[in-house]
Structures are given as structure tokens and as C-alpha cells.
Amino acid sequence: MPDFSLTLTEASKTYRAQSRTDKGAVKALLPISLRVTDESPRVIAVAGESGSGKTTLASLILGFQQPTSGNVEFNGVQLAKLSKKQKSEFRRTVQPVLQDPFASYNQFYKIDHILRMPLIKYGIAESPSHADALIRKTLSDVGLVPEQTLGRYPTQLSGGQRQRIMLARLLLCEPRLIVADEPVSMIDSSYRAIILNLLMKLKDQYGISIIYITHDVATAYQISDEIIVLYRGRVAEAGQTRKVIESPKHPYTESLISSVPMPDRIHSWDSELATVTHNLANETGCEYTAICQHAVAQCKVVEPKIRAVAGNHFVACRLYDDLPEAQLFDVLKAN
Amino acid sequence: MSTELIVRISDLSVTYETKASTVTAVNEVSFNLNRGEKLGIVGESGSGKSTLGTAICGLTKYPARVTSGSIQIGEQMLFELPQKERRATMLRDIAYVPQAAMNSLNPSMRIRDQFLDALSRGVSRKDQNRFDDIIEARAQRVGLDLSLLTRYPHQLSGGQKQRVVIAISTILSPKLIVADEPTSALDVIIQRQVLKSLSEVQVASNAAVVLIGHDIGLLAQFVDILAVMYAGKIVEMGALETLLTNPKHPYTKKLISSIPSVLRRSNLAGIPGLPPSLSELPVGCSFEPRCEEKIEKCSISSPSLKVASARKIACWLYDSDDTSTNTSVRVRGS
Amino acid sequence: MGFGLFIALLISVYGLRLFYDPALFEIGSRLPYLPPGVEAPLGSDSFGRDMLASILVGTPITFQVGLLGGTLGLILGASLGLIAGYFGGKVDSGIRTLSDSLITIPSIAILLIAAINVENLSRVSLATIIAGLSWMYPARTIRAQVLSLKNREFIKICRANGQRELDILFKEVMPNLMPYLASTYVLSVFTTMIATVGLESLGLGVDDDYSLGTILYWSQRKAAVVTGTWWWYLPPIIMITLIFISILLMSIGLDKVARPSDSGKS
């Protein structure tokens, strides 16, 4: 029995129409199942573009929103039913890293505030001096010099430094799962590696699992063990990262990969691309139908089921209807 | 490619005057562009690339100030022109597409009307139909469906809005287009479309383009010449393929190797340290504190941009004493 | 700048009291209808009250009521605004409905009715009545700010840090509201003062209180305009104007602090 588990069972999120101009309910995330335990810490990437549902997924896992259907369970208990103590435990164990290194801070306080708070609230430090020592050590662990960072306001530090302080804060909480929602997209490219390498170090050193949410397929490929590709709320493809990226099966995954601008593929974008009209939403069937090269009449009506290409590679597309069906849980079995 | 000179930037410097200090955001930058040439300026935040972008278009505003150098557009020296003519030249010959340009669309005007606005100041209602053909042609050129013309900006997606902005700002067929991060905040697949739109516009008018960004991979899909900017200076500039396959400046090398690949897994590499604050530049080469190939000279004085190995580079490692800046070999961008 | 003026006014009023006997405002302390001159710097009114002394006495009273009313109005309004904004849902709807309906009621009418009908109107009760009719404005402003702050990213981090909702409200959201609280406070004091002066000049102010508005009332009753005793109504008017200007300037200044214009470069 694992000490820690976070499970999504067919969790979905639908937003009701907000205003008269919206047609109806928006299915932000279709039922998805996912399971993370401390038995095998891994980096799971959730790749998708805007509207894919990846941020919604992050909100559900972090408990910032409730699923419309299905369950999100922490150590076997539904998030909505956690006791006060369990809720505190949950908040401590599942930690976020957010996209905007500026907005993550309360500008009113120095950065010390955000580091001291969890030590007090979770009772991790026994005394102020203990807290100080912990903070100093953790800052060094993430590669920062305490003297140069403590006592400063967020505006006095760079985006990269702020993100690292966020990682320090998170470490102080002693989490088991980190949900990183686009943690480096607002940071200079030369600095990203530092943050991402830090995340991986946390996994190796402390056994923390990481859910890395991004639109950048390249970094997802570099650091994750498993990947889930989302398109408009649906899982298009999922499985071991190497397999999915090196031999993609879903037309969307292929398109996503070939659209990554690489310096060793100069001017490779000259080929024609279908124009996307985002306002056309399919009410039934596969969401990718409108743009898909392989779309047939069936795609508009029948929802693609998740099928197993191999033990650790799954795809949801009618092209693979001959393959056996699979449950998403199977996707994320330890390798 | 014709050899008509479109823009010549000579020793351009732009400084910001703050109460605390004077910051040199752009430090003696020079380059030329002919018709149809596409230059990419790549740099990280704090490199001065956006300031350079506005300066090229003559749009430098307080608290920034052009403190030296000149800008030549076509035959005209921009700063020597009287105010009125300068504005006219800018409006006619230069198109500037700023960052997050999609936000500059008027939310209460239909798209077609915004096109009209750009084409005709004070034209009476009945004459407006004359412009329909032009508007439709321009919209189609950037790949927009004509039905979008009757809509309002909030009904369009980010990528569509960006393409509208590109179409509107280039409606008078400018000679020079300067676009600062035109695809930031857009999805990867949409980025492709927007750059394609920009390409269509460029090809149609054979304009010179300056594309500013932080993503070399992205720029590589579009430009022919690449300039790498660091702490306000251009540190390396030359033909795209040359720089990508054989980068010489240590910063360029690091920048390229820090790009995560989608083709093979390897260790992610970054550049240790932080770019210097523009108000506290180190003595000597600005990159020296983070450089792994530095020599003694690097901490003493700052190298200037010189021709070497079929490109321009500002690095002591490649500074040969017989630097002849008037070499017969024309390096792209010089 | 507004602060400076206000402080200057405060100092001058309280300071002068040291040098000039305020008791001179009593009826009969001077010969009546003296124009401004050596004997009485600002002249005297029909009751023989020294005008300068009157100003010295009246101003602090006006201040007091204004500050009291303003404070009450702010405390009430800001609290309701905070609660409505942060907790949302039914609480928010309830408070908003209350606020919106009260705003539509013409406060002048209520004030008049209240002032006329309340026996032994004291400074405190006057201030309370005014506060009860003006809290809606601070409430709205504060609520709007809280709404925008509530969804900021850093709030999520606070939750991840183990902070509970009330803790977040007071420790994290409130400090960011300081500039708004300050400027709203100043405006609150402002509206209270206007209301009191208005009431007083109609003779409906606090009984037995001799404030600036009261001076105006008496000047009207005694037809000072007709009799040409401009030194009776002009000093209080100037004083009131100065106070208002200083308050407005203060609120503009505080507004700038709350919303410094953006001049970021990328």
C-alpha cells in the first residue's frame, strides 16, 4: 500500500454557458483517469495547446476546482470530503508551481514571507531559528545564495530567481507531488534548463513525482517519463514519452511535433497547413475532425476510444480501431 | 534579390535616463538591409532587442533617447528630416508590429472598419467602397477568411487577430517591416500560420523584414540573416545557416545548445549565471562573467564587432589584428 | 500637496487658539457689526461674536464630525466590501442588494428627516446617521478591489502554504488594499463634511454646536448679504473651501499611490 496516492477516476470538468454569446456548455476536460503514487516517482508530462484542458486538469489535481463528474481522491478520500486535518495534509503534499513568476508573489511582502509561511502553518519548524536554518539550506539546495535573495522584494529579483524561490518554498513543504503548470514558459530560454533540471533533481533526490504541464513538446520530451497529449479536453495519445514522441500515432501528435520550430530544420514550415477555425466545435465525435487529414464521416459522430498500441503506448483515434481497447489507468503503470 | 538599400543603421545607441542611472539599452548597433532581406534579432529579456526595434522605426519615446548614430531609410536620413517629413516617411515606409499587437485592435470597431481606418483618413461614407477590393485582397493575403471582416476583435482568436494586425500595418506596402515577438502567447501551430502570413506579406511587397524574438528555432524558420544580441550589443551576425551550423561566439554557441530538441534526448543545458543588469555592465566584455572560453583580455576591454570567419563577431577569440572592415567579401547584413 | 495644505490648516487653527482667545466667540464679546480692523481682525457679527474666534472654534467641530462620520462610514463600508468580495455567493448578493437599494434612496431627504426628527442630536448620532447613508461607496470600491485580488495567482500559493481563508483575507489581501482604503477614507470624510455643513447651514446641525456651517446659518438668518457684512459669511466659506480643496488634493495624491501609471519596458 502506498503512503501517498492521488487518483483521478473519470474526472471531467464542464463549464456552463457564461453569457448569451456562448452556445452552451464548454467541455473543458473529458473524463480522464490518472494515478500517481509514491511507489515510483516519475515525471508525467501533460502536453497541449490553449483550450486543451491542461490547466483545468491542473486545477482539479490541486483541488482548486471540483470535477463535474468523476472523482479526485487523495489517499483514497475524495477531495470534497477531506477532513480539516486531511485537507491540510493534502495541501502540503500536493504543491503547485505556477506559470507567472511575478504574479505568484504578494508584492507587498519580501520573499522571506512566502518561505516562512509554510514552516509556520504546517508546523515544520520548531523555532524561528530552526526556520531560518531550513530556509537557508533550501535556498542553497536550489542553487541560490541566501544573502542575495533573503530580505528582497519580488521586483528586485529576476524571473528565474523567483521561480527558484518558488521551488524552495515548495521543498520546504516536503511534498510528494508537484504540479508544475507551464513553469518555464515565462522565463528566458537560457534559464529554463536550470529550473527543469532542478525539478528532475527533486524527483531523483526526494522521490517526488512531477506532473509537468506544458505546450512545449520539446521540453516535455526531454524531461518526462510519460506523456499525455491533450486536444480540446480529450486524451489524444499517451504513454511512455520516448514511444509517443519518436513514433507518434495520433494525427494531432504528429502535427504538434512537426510544428516545433527547430534550428536544425530551417525553413521547414513552407508546407501548407490547414487553417484552423477555433469557433467550430464539434458537439459529437472526435474534436480533431475539423482539421484532421484522416477524418472520415465516422469521426464526426463516434467518439474515439482509447486503444493500446503497445504495453505503454495508447491512442484515441479511429485509425487504430483494430487495436484492443484499454483503460487509461494502464497507461501510467510504472515502467 | 535586388540590392536596393532599404535601411542602414549606423552606430545607433539608445539610452534610458532614470533617476538612479543612465542605462544604455542599445550600444552602437550597425547593420544594413536590402530589399527582400530578412533579419532576425535574437536576444533574451534585457538584451535591448525591443528597444532596438522601436528605435529602428523612429518610435523611441521618453524616457528612452537616441544618443548617437543614424538611421537611413531608403535615401533619407531619418533624423535629419524635419518632424513632418519624418512622420510621413515613417508612416509610408515602415510598418511596426509590436509585442501583443493583437491588443491594439479597437474592441468596438469591426475588422473591416479598422482596415478602412488605416487606409483613409476622413474619407466620406460613400467613397469607402472604393477600398473594399484592397481590404479583401490584403485580408486574403494573410490567409484570413473574408467572413471575419464583419466581426469584432473579441470574436477572433489570438492568431487571427495577430494576422489582422499584420495586414493592417502593412496595408500601404511598406519597405520595411519590423515585428517584435509577433507570435508570443500563441500556440505552436498558430505560430506557424502567423509567420506564414508575415511571409506572404513580405513576398508580395518584397519588403525588408526585421524579426525580433527570443526563440532561435522560430526565427530560423523565417529569416536569412541572424543577429545575436547581448546586453545591448550585437555579438554575432551573419547568414543564418552559417551561424546555426557553425556558431563562433560563446554566447551564440550556448544559446543554440540550450534549445531542447524534439528529435533526441540529451541533458538539458542552460547558461549559468544571469545576464548583467544594463545599469551595471561589467568592465570588458559583457558576457565574460558567464563565458567558458574567456581569455585574459576579456575582462579588460570590450571587443567590437568585426568581420571574421564569414560573419561579424564581437569576441576577442576571433579578433585578428589585420581586421579590414572594408573587405571585398560582403558579409550578409553588412 | 493636499496633505501639506491640510496639515497647514490644522496647525493654523489649533495653533492660533493659543494666541487668540477663542472664548471671544461668545455672544457679546465685541461690539456688533464691527468690520475687519485692528480691534477684531475678521470683524464681528450681529451678536458681537468675533469672527476669527468663531472660525477657530467652528473649524475643529466640523473636522470632528467629518472624521467621526468618515471613520464610521469606512469601517462599515470596507468591512462589508471585504466580506462581500472575498466570500462571494449569497453573502455577496445580500450585501450588494442592500447597498444598491440604499444608494437609490436620496440621502439628502433622509438626512433632513433624521435631523429634524431626532431629539437632542449629538455629534456622534449625526456622524452615525451620515455614515449609515454613505458606507455604500467605500463598500463598492473595496469590493471591486477584493474581487480582482481574490483571483490572483499568489492567493493559490497562499493556500498551498497552508493559509486558511480568513488568514489570507487579512494578511494577504488587506495589505494590498491600503492605498484604496486610504483614498476611500479621505473621500468618506469629505462626504461627511459636506453633509454636515449642508445640514448646519440649514440650521439642522447639532444643537449647541457652533460649527462653520452654523456660522453660515446665522449669517443667512441675519441677512448678512443684505446688510453688507461680508466678513460674516465669507470667512467660513473660505475656510470650508480650503478644507475641501485640501481633502480633494489628498485623495488625488493617494489615488496616484494606489494606481501608479505603468511605464514598463520589456
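These are my notebook entries on a predicted model.

**Ground rules.** I number residues from 1 along each chain as its sequence is written, and chains are lettered from A and ligands numbered from 1 in the order in which they are written. In this predicted model, local features need pLDDT of at least 70 and side-chain atom pairs count only at pLDDT 80 or more, while totals for chains, interfaces and linings use all residues.

**Entry 1: strand 10 of chain A.** I took helices (H or I, at least four residues) and strands (E, at least two) as DSSP runs, numbered from the N terminus. I looked up strand 10 of chain A, residues 234-240, and found 7 of its 7 residues buried. A residue is buried if 20 or more other C-beta atoms lie within 10 Å of its own, exposed if 12 or fewer, and partly exposed in between, with C-beta atoms placed from the backbone.

Next I looked up the partners of strand 10; two strands pair if DSSP finds at least two bridges between them. Strand 9 of chain A (residues 226-231) pairs with strand 10 in the antiparallel sense over 6 bridges. In this pair, A:Leu230 stands opposite A:Val235. The two strands form a hairpin with 2 residues between them, and A:Arg232 in the turn has a positive phi of about 50°. Strand 10 also runs antiparallel to strand 12 of chain A (residues 313-316), joined by 3 bridges. There I found A:Glu237 with A:Val315 as its bridge partner.

**Entry 2: helix 8 of chain C.** I compared the ends of this helix, residues 165-201. I then found a bend of about 50° at C:Met174, with C:Pro175 following within four residues. The bend is the angle between axes fitted to the seven residues ending there and the seven starting there. After the helix comes C:Gly203, with a positive phi near 85°.

**Entry 3: chains A and B.** I counted contacts, meaning C-beta atoms, placed from the backbone, within 7 Å. In chain B, 35 residues are in contact with 35 residues of chain A. On the chain B side, helix 6 of chain B gives the largest share, 6 residues.

**Entry 4: B:Leu226.** Which residues does B:Leu226 touch, not counting those up to four places away in sequence? I found B:Gly40, B:Val42, B:Leu219, B:Met237, B:Gly238, B:Leu240 and B:Leu243.

Key: Two residues are in contact if their C-beta atoms, placed from the backbone, lie within 7 Å.
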